[in-house]
Amino acid sequence: MLSVLPAAAQQAAGGAAPAGTPPPEDTDRTGDAADGGTAAAPAPPERASRAPRLGPVTNLPMPRFVSLKAREGNVRRGPSLSHRIDWVFTRKDMPLQITAEYGHWRRVQDRDGVGGWVHYSLLSGVRTVLIEADQAPMLDRPEPDAAITAIAERGVVARLEECLPDWCRLEAGGYDGWVRRDAFWGIGANELPE
């Protein structure tokens, strides 16, 4: 079961980490800094002369994160209706990463790298993230010793509100709070969305 529980309910169930305890590390995370995973070594600093890669259709940064607008989205082998459907995404608001553009089509992938081409009308610019930690405390301030307002469990999709270098404010299930960036997927390693 995927849920966001108020801190009081978690404490009553014995599932809350005490205030001041950092969220548990997720040792199953893999990937690199470009796709929101953890990198084996820190990325070299960006040079001022290096321009970000932009999509040929939208002129927006690539790769970038979006969410699934529809309750169901066909994922095709290529960028047209004549291509075979390989997957069907069935989770509204699921975060996805756009890796390529072609006309009205976007090549996307989910956290597990599964994906293909979807029509742009199925996507939204509303930013969401997927909780990866077993339990991610949502804190009232972006500090490790802040009060816990709720606990988001693994698999919860939360709306991304704002970010600092190590923390992001998320909203899920009517609760909001600050969560460490290493507890979820759906944001670039050095990205600071507004």
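Cys 163 and Cys 168 are joined in a disulfide (a pair of cysteine sulfur atoms within 2.5 Å), with their sulfur atoms 2.0 Å apart. A disulfide is a covalent bond between the sulfur atoms of two cysteines. The torsion about the S-S bond of Cys 163 and Cys 168 is about 105 degrees, so this disulfide is right-handed. The count comes to one disulfide. Cys 163 is buried, at a relative accessible area of 10%, and Cys 168 is buried too, at 0%; here buried means under 20% relative accessible area, exposed over 50%, and partly exposed in between, with a 1.4 Å probe and protein chains only.

The model is a predicted one, in which local features need pLDDT of at least 70 and side-chain atom pairs count only at pLDDT 80 or more, while totals for chains, interfaces and linings use all residues. Residues are numbered from 1 along each chain as its sequence is written, and side-chain values use heavy atoms, with hydrogens and water left out.

Of its 194 residues, 41% count as buried. The protein exposes about 10600 Å², with carbon and sulfur atoms supplying 52% of that area, by the Shrake-Rupley method with a 1.4 Å probe.

The aromatic rings come next. The structure holds one aromatic pair, the term being used for rings of Phe, Tyr and Trp (its six-membered ring) with centres within 6.5 Å; planes under 30 degrees apart count as stacked, over 60 as edge-to-face and the rest as tilted. The ring centres of Phe 65 and Trp 185 lie 5.2 Å apart and the planes stand at 80 degrees, so the pair is edge-to-face. Phe 65 belongs to strand 2 (residues 64–68) and Trp 185 to strand 15 (residues 184–185), so the pair ties together parts that are 120 residues apart in sequence. Phe 65 is buried, with a relative accessible area of 7%, and Trp 185 is buried at 1%.

Phe 65 also meets Arg 127, a residue of the loop between strand 8 (123–124) and strand 9 (128–131). Arg 127 counts as buried, at 15% relative accessibility. Leaving out residues up to four places away in sequence, the contacts of Arg 127 (heavy atoms within 4.5 Å) include Ala 158, Arg 159, Gly 186 and Glu 191.

How values were computed:
Helix = DSSP H or I, 4+ residues; strand = E, 2+ residues; numbered from the N terminus.
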